[in-house]
Amino acid sequence: MLPNILRSRDVLGGALIVFIGATSLYLASDFSFGTSRRMGPGYFPVVASSILLCLGLLLMIMAIWRGAVAEGHASPIELRNFLQIIGATVFFGIFVRSLGLLPTLLVTVFLSANASRFNSLRMTLLLTVCITAFCIAVFILALGLPLQLFGPWSDIRQWFEHDAAAFSRAWNLGDVA
Amino acid sequence: MSLIDNLSIGLAVAFTPANLLYCFIGALFGTLVGVLPGLGPLASIAMLLPLTFSLPPESALIMLSGIYYGAQYGGSTTAILLNLPGESSSVVTAIDGYKMAQKGKAGQALVTAALGSFFAGSVATLLIAVAAPPLARAALNFGATEYFALMVLGLVAAISLASGSVLKAFIMATLGIVLGLAGTDVQTAVPRYTFNIPELADGINFVAISMGVFGIAEILRNLTSESTEPVRVHKVGRLRLSVQEFKQIIPPVIRGTGIGSVLGILPGGGALLASFAAYAVEKKVSRHPQEFGQGAIEGVAGPEAANNAGAQTSFIPMLTLGIPSNPVMALMIGALILQGIQPGPNVVVNQPQLFWSLIVSMWVGNLMLVVLNLPLVGIWVKMLAVPYHALFPAIVAFTCIGVFSVNNSSVDVLVMAIFGFVGFVLIKLEFEPAPLLLGFILGPMMEENLRRALTLSRGSYTVFFTNTTSIILLAISVVMLALVLIPAIRARRDEALVE
């Protein structure tokens, strides 16, 4: 069990903000600061990050001063919901280009519908089919968004193509991949 | 040019069949998201934003603003019939509106809400038409110094009026500013915080960040508090007011309109705060305050008028100064920028057809909403039968497609996922995310103006204290911040926000 002080909302929150402020201050130190008269690209980031860092510290100190108490934590249900919803969006982001809209949507909607404890498997499958059909009707047929229903990856042959370049092209994530 | 000339420009544009249709779609969709609990105007506007790219700017803005004020109408229906705020600004309406419904007077409450909103909407629209052009002309003379001071005031007001801890709101605004730094520095072309990801060269996509923090994080929050209790909707009853009831609601509606109009203009204000303030005032001036909470018709009339007036007048700083007063207005600015229009005083002057058609459409939209919400209330009640767990997978799918199609970018969707996570953590740590979005929008503008102001003053910060406009704006900021930090006043503010 963690000591109370580490389970207090404001102590944790303050620590997170201090971490973010320090990181961005560190990154900003790479840019030239310049002078007030001729501000460099680092001037404003350094000032803003320093303020953030100080405010985070202040929040932590005030929370400790008041006497830190342990506060509510995320329940396991929340964590499950969370992973499925975030997973659904991440899946969409990574695969929509390569798989195409139809297969990606089916997976994304299935994953997110499954996150609610009130959806039975039948309900989840029903929702998956209906919502996917609805989205395609609205976005592709009615509004004509330029999205491909099936992407290059749906072509099974590509799965066996061990060409790194084609792989990265299919992902189409540029430098990230 | 006179007001009449200007309005006729607006009429010509707003009354084209296409724009009437977009206004109607906006109002209809707004009512829908207002009625459905757990789906707010912010997420809905962000979802529809990508669909507006192909439209001309005025149509896009007409439709998006229709969603915002439409949600104010729809939210009250759910509040009255279900005791659930369909939209956050109708929390107060639920107090007396639901009590009225329990007494079999749901119809009267709905009529009061709709008529009050319509009156307030009309007055506030007129106020925009009268007040915005002179304000914009004054703002045209603003230099970098005044603008920087104005933005400071905007942020300070948003922090002071945010619910919860002032320090935490301050932190969120600053975090927003830091996040807004990502991307290529405008003046020196140095990439900052881009981690060599080419998609981040233009900065973090605004739609992605707002969908993550407000859309995805909101779903996570709703899922946790979800229940399967069957929805019990009260009978609507007769949709008519007696002469006596009608007389009874006139003064609260007028007071609510006034309060809402003023609070809507303030940054951080908008519809939510306006409705709380109006309720408190009605309770104070009433000759029978004990009836409040037991189904007082004034408790519905005042706040409903106020939230709609506030929703409309919050457009004033956005349209005249290019400064958002709440996250929805921040999204509207995002929409303008995506359309290639630089928000600011130039919009009123150089794009009269955009500005005046928006004004005319607001009034037309309000009229449409009365029709949509009164005779058609039965349809909306049926919509309430759709449970949240059937609805939210569609929201996830819509947001994914919407965010992806802004730039056809996978990175944007991943950014949304990351900020969904961030938003969830912030909610858990009780950080209010609204100031973050304002900081994100205002941050780059602040840096730009600070740079210019300091270059002109040869690096001396005293310029902010020698310029009259800037002194006044900064003094107001200091006073506002001092007020919320003085314990006695802070206690009253908390009381007002909690009530």
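**Entry 1: the interface**

I began with the two chains and found that 67 residues of chain B are in contact with 64 residues of chain A, contact being heavy atoms within 4.5 Å. I note that this is a predicted model, in which local features need pLDDT of at least 70, side-chain atom pairs count only at pLDDT 80 or more, and totals for chains, interfaces and linings use all residues. Residues are numbered from 1 along each chain as its sequence is written, chains are lettered from A and ligands numbered from 1 in the order in which they are written, and side-chain values use heavy atoms, with hydrogens and water left out.

I then looked up the buried area, which is the accessible area (1.4 Å probe) that two parts lose on being put together, summed over both. For chain B and chain A it comes to about 5800 Å², with 79% on carbon and sulfur atoms. On the side of chain B, B:Leu167, B:Tyr193 and B:Ile401 lose the most area to chain A, together 11% of what that side buries.

For salt bridges (a side-chain nitrogen of Lys or Arg within 4 Å of a carboxyl oxygen of Asp or Glu), I recorded two across this interface. A:Asp10 forms a salt bridge with B:Lys168, where the closest N and O atoms are 2.6 Å apart. Helices and strands here are DSSP runs, numbered from the N terminus (helices H or I, at least four residues; strands E, at least two). By these elements, the largest share of the side of chain B that touches chain A, twelve residues, comes from H18(B).

**Entry 2: the cavity**

The structure holds one cavity of 30 Å³ or more, and the largest cavity has a volume of about 60 Å³, a volume being the space filled by probe spheres set on the points, which are joined across faces, edges and corners. Its lining includes B:Tyr73, B:Glu304 and B:Asn373, and H6(B) gives the most to that lining, with four residues.

**Entry 3: the second largest pocket**

I noted about 1400 Å³ of space in the second largest pocket. Of its 48 lining residues, the closest to the centre are B:Ile337, B:Gln342, B:Ile441, B:Pro444 and B:Met445. Helix H20 (residues 434–456) of chain B gives the most to this lining, with nine residues.

How values were computed
1 Å grid on protein atoms, 1.4 Å probe; cavity = no way out; pocket = protein on both sides within 12 Å on 5 of 7 lines; lining within 4 Å.
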